[in-house]
Amino acid sequence: MTAIQTEVAWEAVAAAAEAMELPSRFREVMGNVVTPVSIVTALGAGGPHGTTVSAFSSLSMSPPMVLVCLDRGSDLLDIVRSTGRFGLNVMGSGQASLAAGFARKGIDRFAGVEWTLEHGVPRLTGAPGWVACAATQLVPGGDHDIVLGLVLDAGSADGAPLAYHRRTFGTHDPLPADG
Ligand SMILES: Cc1cc2nc3c(=O)[nH]c(=O)nc-3n(C[C@H](O)[C@H](O)[C@H](O)COP(=O)(O)O)c2cc1C
């Protein structure tokens, strides 16, 4: 191998190493971003289902729309795809263990959880924010689907929000007013 070929080979190795590190650096950046915490619910043939998400955002005001990003392997995504409906239960600061439970596999997530059926989807009692949606579009995005939801109903109650930061649950702490 000539000196030039060796240099090119090392550049390829360095580029491959850099590419391998990128996902972990990206994960670290995203872990430092404070996100809201919601439980997305739907009613499947087997009963109510719910999944904890942080990737939820308001999308449009006219008409009112939201977006939720769900892993393509999500069981909830399958139900939303077949029923065309989902509910967003925005968690409060006292609901960290509920949110942790709805992210776990292999348990009955609804055991002991109070809920009502509204607009065909489960509404979790005590969540400070509630939005019922008709799923209008599923847009592929990498290994997730972006679910676009047309808002059918919305309601809120007072309460401090539940936030997620560096894999830890917390809440919003207002800064003292300037001056
Ligand atoms: C704080 C937190 C935020 C999460 N955010 C998302 C998210 O935005 N999208 C997603 O697909 N999964 C998210 N997850 C992971 C899912 O809750 C988890 O994979 C769940 O087991 C999926 O359940 P399912 O397959 O029944 O839908 C999050 C988990 C936690 C603890």
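**View 1. The residue just after helix α2.** Gly-84, which directly follows α2, adopts a positive phi of about 70°; helices (H or I, at least four residues) and strands (E, at least two) are DSSP runs, numbered from the N terminus. The model is a predicted one, in which local features need pLDDT of at least 70 and side-chain atom pairs count only at pLDDT 80 or more, whereas totals for chains, interfaces and linings use all residues. Residues are numbered from 1 along each chain as its sequence is written.

**View 2. The buried face of helix α2.** Leu-76, Leu-77, Ile-79 and Val-80 are the buried residues of α2, a residue being buried if 20 or more other C-beta atoms, placed from the backbone, lie within 10 Å of its own. Viewed down the axis of α2, these residues fall within an arc of 160°, so they line one face of the helix; the arc is that of the directions from the helix axis to the C-beta atoms. Their cover includes β2, β3, β5, β6, β9 and β10, where contact requires C-beta atoms, placed from the backbone, to lie within 7 Å.

**View 3. The open sheet.** Seven strands with antiparallel pairing form an open sheet in the order β3-β2-β6-β9-β10-β5-β4, two strands being paired if DSSP finds at least two bridges between them. The edge strands, each pairing on one side only, are β3 (47-53) and β4 (56-61).

**View 4. The pairing of β2 with β3.** Strand β2 (residues 38-44) pairs with β3 in the antiparallel sense over seven bridges, and Gly-44 stands opposite Gly-47 in β3.

Notes. Buried ≥ 20, exposed ≤ 12 C-beta atoms within 10 Å, placed from the backbone. Contact = placed C-beta atoms within 7 Å.
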